Amino acid sequence: MKDGTASLSAGLYIVATPIGNLEDITYRAVDVLGAVDSIAAEDTRHSRKLLQHFGLKTPLLALHEHNEKAVSEGLLEKIRQGRSIALISDAGTPLMSDPGFYLVRLAHENALPVIPVPGVSAAICALSAAGLPTDRFVFEGFPPAKKTARKHYFDDLQAETGTLIFYESSHRIIASLEDMASAFGADRQAVIARELTKTFETIHGGRLADLVDWVQADKNQQKGEFVVLVHGMPAASSSELSVEDEKVLLTLLEELSLKQAASLASRITGVGRRVFYERALALKEAL
Ligand code: SAM
């Protein structure tokens, strides 16, 4: 046992587990999972295998999106009585597109200790290797499953200047990429990070339109788990144009030369041609 976790103090331990490669668990996570009184897990059958792999016999109980409210009070009561409880999810960091927010908030409201035991999360893992700007980023989790809602959702993010990070499932990866291309523009740079830390790990970047074709052309690239990262809207000289004006310009740039697009965008919107031209230049340079 390292770093004084031999006798754990009472509290809620938020423990990150691997997203594929089991060697990504931390020494401290193994220690804490072995030392707590019980572990609240999203799927106990799945987590039992993880515990078995590390030779741990700590009792598991289920905490998932359907019972989180019902079981949280009971868990906090145990902590009040001096017990230590760990929260884990099926993969990665709990609460990151996973259950636990209600429990953690309730623990804070009741002035009970919440102790993070950090480790991997697919979003940060993907961001670290994507080659897109990391100084500002927005974690968006899963886009809506329904097409209309998803299109509106991407439209609302069109002018975001930080790198956008999405989770997506294999069922919707193509549809989602298509909707991203129409909302953010075919030329916007993006990266697909698939099956991170696993055998078929793939990190592939390019224009959104090219990524749609690339995934469509290869059935293997449609399997597994995905993080999609999209370059933020280039910030240079964007202030004079509204989000709608930008969309007009981006759409026209897909088909026309810079000059033609600027001129037509100006006729459509009434905004000066020069403004569009400069913006188009900045966009081309940044992408
Ligand atoms: N809590 C997890 C975390 O910290 O990343 C995420 C849980 S969320 C329910 C599951 C989604 O995360 C997957 O659908 C996928 O979008 C992403 N994900 C998880 N593991 C991944 C991996 N190995 N490679 C790529 N994406 C992954």
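1. Start with the two helices: α3 crosses α4 in a right-handed sense. Keep in mind as you look that this is a predicted model. Helix α3 covers residues 68–80 and helix α4 covers residues 101–109. Their axes come within 9 Å of each other and cross at roughly 35 degrees.

2. Who does the touching here? On the α3 side the contact is made by Glu68, Lys69, Ser72, Glu73, Leu75 and Leu76. On the α4 side, look for Phe101, Tyr102, Leu103, Leu106 and Ala107. Sorted by class, the contact has seven nonpolar residues, three charged ones and one polar one.

3. Now over to the ligand. How many residues surround the ligand, and which are the closest? There are 19 around it, and the closest are Asp98, Ser121, Ala122, Tyr167 and Phe226.

4. Asp98 has a side-chain N or O atom 2.7 Å from a nitrogen atom of the ligand. With Tyr167, the ligand atom is an oxygen, which sits 2.6 Å from an N or O atom of the side chain.

5. As for cover, the ligand on its own has 570 Å² of accessible area, and the protein covers 91% of that.

Key
Residues are numbered from 1 along each chain as its sequence is written. This is a predicted model: local features need pLDDT of at least 70, side-chain atom pairs count only at pLDDT 80 or more; totals for chains, interfaces and linings use all residues. Side-chain values use heavy atoms; hydrogens and water are left out. Axes are lines fitted to C-alpha atoms, for helices over the stretch in contact, and angles run from 0 to 180 degrees between N-to-C directions. Helices (H or I, at least four residues) and strands (E, at least two) are DSSP runs, numbered from the N terminus. A crossing is left-handed if the near helix is turned anticlockwise from the far one by less than a right angle, and right-handed if clockwise. Contact means heavy atoms within 4.5 Å. Ala, Val, Leu, Ile, Met, Phe, Trp, Tyr, Cys and Pro count as nonpolar, Asp, Glu, Lys and Arg as charged, and the others, Gly among them, as polar. A residue is near a molecule or strand if one of its heavy atoms lies within 4 Å of it. A polar contact is a pair of N or O atoms within 3.5 Å; within protein, one must be able to donate a hydrogen and the other to accept it, and residues adjacent in sequence count only if both atoms are side-chain atoms. Accessible areas come from the Shrake-Rupley method with a 1.4 Å probe; for residues, only the protein chains shown count as cover.
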